[in-house]
Protein chains: 2
Amino acid sequence: MFMNSRFLVTSFLINALFGQTPEMAKVIYQKALSSNEAYQTLNELTMNVGHRISGSENFTKAMAWGVATMKAKGLVNVRTEKVMSPRWVRGKESIQLISPRPMNLTMLGLGMSVGTPQEGLTGEVVIVDDFDHLEKLGEQVRGKIVLFDVPFVTYDRSVTYRSSGPSRAAQYGAIACLIRSAGSSNSNTPHTGTLSYDSRWPKIPAAALSLEHAILLRRMSESNQKIIIKLNMEAKQLSDVEEGNVIGEIIGSKNPKEIIVLSGHLDSWDVGQGAQDDGAGCIIALEAASLLNQMKIVPERTIRVVLFANEENGVAGGRSYRERHESELNNHIALLESDSGNGRITGFTLDLPGRPPRQRGVNPYGDKSLKGDPSLIERFQSLAKFQEISGAKAFTLGMSGVDVSPMVEAGAVGIGASHNMSKYFDVHHTEADTFDKIIKADLQHNVGSVAILAYTLSFSSTRLQ
Amino acid sequence: MFMNSRFLVTSFLINALFGQTPEMAKVIYQKALSSNEAYQTLNELTMNVGHRISGSENFTKAMAWGVATMKAKGLVNVRTEKVMSPRWVRGKESIQLISPRPMNLTMLGLGMSVGTPQEGLTGEVVIVDDFDHLEKLGEQVRGKIVLFDVPFVTYDRSVTYRSSGPSRAAQYGAIACLIRSAGSSNSNTPHTGTLSYDSRWPKIPAAALSLEHAILLRRMSESNQKIIIKLNMEAKQLSDVEEGNVIGEIIGSKNPKEIIVLSGHLDSWDVGQGAQDDGAGCIIALEAASLLNQMKIVPERTIRVVLFANEENGVAGGRSYRERHESELNNHIALLESDSGNGRITGFTLDLPGRPPRQRGVNPYGDKSLKGDPSLIERFQSLAKFQEISGAKAFTLGMSGVDVSPMVEAGAVGIGASHNMSKYFDVHHTEADTFDKIIKADLQHNVGSVAILAYTLSFSSTRLQ
């Protein structure tokens, strides 16, 4: 690392004192802990833009905000790189319980769902425990509305029903699909998120019920009451729109063509404020770079901040990045993503090329142990020793992030920030994902630990592959 | 206590074994812990009726359910006693943020609020910290919408703003009043509850914002953005309707004219399922009596279960009871109410005649210490010794319940069930007050400890005054 010319004396002193050592990490981390900027920047994004689904006016505002903020923070080569994003629009939606008694049920349509006919869609609800149960019921669900009432244990488990449930139900002739919200909120706050239609079966409308109302229907069913609902959803898919990944850089002093990507995704679902998912990740990436910049630390390699478009319903941002940068992917030392909220970062995952393509709910690393590979251990230890001060020392093999996955699949190294996620699914993809739940001290820690990692990765001597 | 004739032998044995002793309390409590009935009964009420505000069709269903359930459980003299209840209807309601950016805010109109003109009401929002701040602002709020953004510390503190805030704001010319929800939920789940207009000032429409959206407006205000909203509320007050307190009894064997009342209130707000507020209290009162009945324990005094109408917005049920039973109030040994959710009962409050009239947020007992009054200590100890098995041994002076307060003010003794309320204000008066949060073991404990208290109070020898 070198300091720029205006700070030659300071640079000399700092290098003399610390060099490329864990002591320098300490200075970086302490600076992060004393800075108000990350908190303030996330406040601005969530307050002035709010939620920002692909294709929305708010996402356009978010891009403009990203460009302006990167420039204000002194990043260079600030630009957007074209992404063609899907444009799914929720419209009005409701579920009325008709039998056994009239009431409105609390719901959120699933992302990418088709709508109902304008007059709505009325049918009997069948409570289904899981896919095995569906298989047993088979043709009994024909003409009915399937409710996958799967208790939230892990996100991976629940998300399978959100993702594949609608087509699995359609396979047996269901006319619509409901799921119990794939989250741990128990305040009648439903969860949304994308579904994935299987082209072999008809596309049926799908929505998540709040925990409370999924349980209510189950109770009614268990007391042998016939459940009839009317579902109205205006949801529709419009033409793709041109958006962009928002990018800014600190140019490396020694190996400017070697690139460290720090990233999050700028889009969110169309509820809440996208504070944890993934405003926090964007701000962590952006502020980690900005922090080094403010400290006049010039990395040997280029640090590139990427705020991806369209993670939530398409990954068009990640795929566009791969297409555009395919020829220089071998110059990417690593692509780090933070996309698991603002819980404290406890360590990082190393996501190595050659693993199978990303698939929801499947750990492509299986039981592969670090112990068997001395060179892996060495790489991890060289990164971990700089995190002594932050405590984010747990380096493991694992998935990195949805947006950087296309690059990992094309041969680059991904790194995921491992956040404490104990509160994440209370708010994830709900109206409750708002700035007020951002813990400032955790955000400062997260910026600090990612800044240390960026600093470490930018050494010419650091090799991951 | 006596067992009825069909169980003379058992009666003889039980009395011989236990008599009127704490050992009998143990048998009662263990029966409560092994019974599924309270949980099942509360499931029925919340599932088949749901929320049940005064004047609604659902409240009529709840009364019919109460009468049928009391009869099925073997209570006698089952009846409803006329109450004229107010009929406030919410209608459609919404708040749109217009400036600085368009979005819908999550809100619930306050109970008894007037509505807005049909075209809605648009105005600038002024953030007000507390009443002192309002006094300082004075005429600056004229023509504007006041938001009392008071962090939830205690319910007593927050409820003052819900109750008096609208008229306090109207006094200075505000055209509408918002409050931060008076609860601890942080899942964008707003709270409702009654306001109380001061007849000296114009009635202005009033609503609670979710925690998240109150904080959002504050953040906008702190960054010097002008906040304009449009409030639409169809809320209105219709003519009073005839309803009733639902009453059933176990007739005392020795002093049938001496009465122990066990009570809760059957009405709820028009959101959620009224599970904690106050379905739980109703079921605790009803099942405690039913438990003694099932055990063929015939009390010496009459145990009267009262499910009051219209606690939430008028206390018409409590006042009607006082009017109707004024002449026999001196035969009421005590009136117990459970109205603080289904957290575990840790003890009971004794609410003695002669205290000042009930007032929200004011402890009429002040610092009055038990230590100064040996006869009080003795009374409490005689009750507490029977709660050894349940652990609900904390007997203190304190408010009893809103519905029994009119009788306390007229000279009777009130008893309040002291529940653990640590989770209560997460759900109280919100859509999240649903059966799924009822902990069965706590409900069983609560029925058991109230059944023990009823058993104790029904001894001819028990005196509280």
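Predicted model: local features only at pLDDT ≥ 70, side-chain atom pairs only at ≥ 80, totals over all residues.
Biologist: How much area do the two chains bury between them?

Modeller: About 2200 Å² is buried between chain A and chain B, with 47% of it on carbon and sulfur atoms. On the chain A side, the residues that lose the most area to chain B are A:Met47, A:Arg101 and A:Arg219. Together they make up 32% of what that side buries.

Biologist: How many salt bridges and polar contacts link the chains?

Modeller: There are two salt bridges between chain A and chain B. One of them joins B:Lys437 to A:Glu212, with the closest N and O atoms 2.5 Å apart. Polar contacts between the chains come to 22 residue pairs.

Biologist: Now the aromatic rings. What describes a pair of rings?

Modeller: Use the distance of the centres and the angle of the planes. Over all chains, the structure holds 26 aromatic pairs. Take A:Trp88 and A:Trp269: their ring centres are 6.2 Å apart and their planes stand at 80 degrees, so this pair is edge-to-face. The cut-off for that label is over 60 degrees.

Biologist: Which parts of chain A does that pair tie together?

Modeller: A:Trp88 is in strand β2 (residues 76-89), while A:Trp269 is in the loop between β12 (255-265) and α8 (275-294), so the pair ties parts 181 residues apart in sequence. A:Trp88 is buried at 2% relative accessibility. A:Trp269 is buried too, with a relative accessible area of 2%.

Biologist: Why does the pair A:Phe152 and A:Phe425 count as tilted?

Modeller: The planes of A:Phe152 and A:Phe425 are at 50 degrees, with the ring centres 5.7 Å apart, so the pair is tilted. A:Phe152 lies in the loop between β7 (145-148) and α6 (155-171), and A:Phe425 lies in helix α12 (residues 424-427), 273 residues apart. A:Phe152 is partly exposed at 23% relative accessibility, whereas A:Phe425 is buried at 13%.

Biologist: Where does the charged end of A:Arg168 sit?

Modeller: Over the ring of A:Phe131, 4.0 Å from its centre. In chain B, the charged end of B:Arg168 sits over the ring of B:Phe131, 4.0 Å from its centre.

Notes. Residues numbered from 1 in each chain as written. Chains lettered and ligands numbered in written order. Heavy atoms only, no water. Phe/Tyr/Trp six-rings, centres within 6.5 Å; stacked < 30°, edge-to-face > 60°. Helix = DSSP H or I, 4+ residues; strand = E, 2+ residues; numbered from the N terminus. Buried < 20%, exposed > 50% of the residue type's maximum accessible area, 1.4 Å probe, protein only. Lys NZ or Arg CZ within 6 Å of the ring centre and 35° of its normal. Buried area = accessible area lost by both parts, 1.4 Å probe. Salt bridge = Lys/Arg side-chain N within 4 Å of Asp/Glu carboxyl O. Polar contact = N/O pair within 3.5 Å; in protein donor to acceptor, adjacent residues only side chain to side chain.
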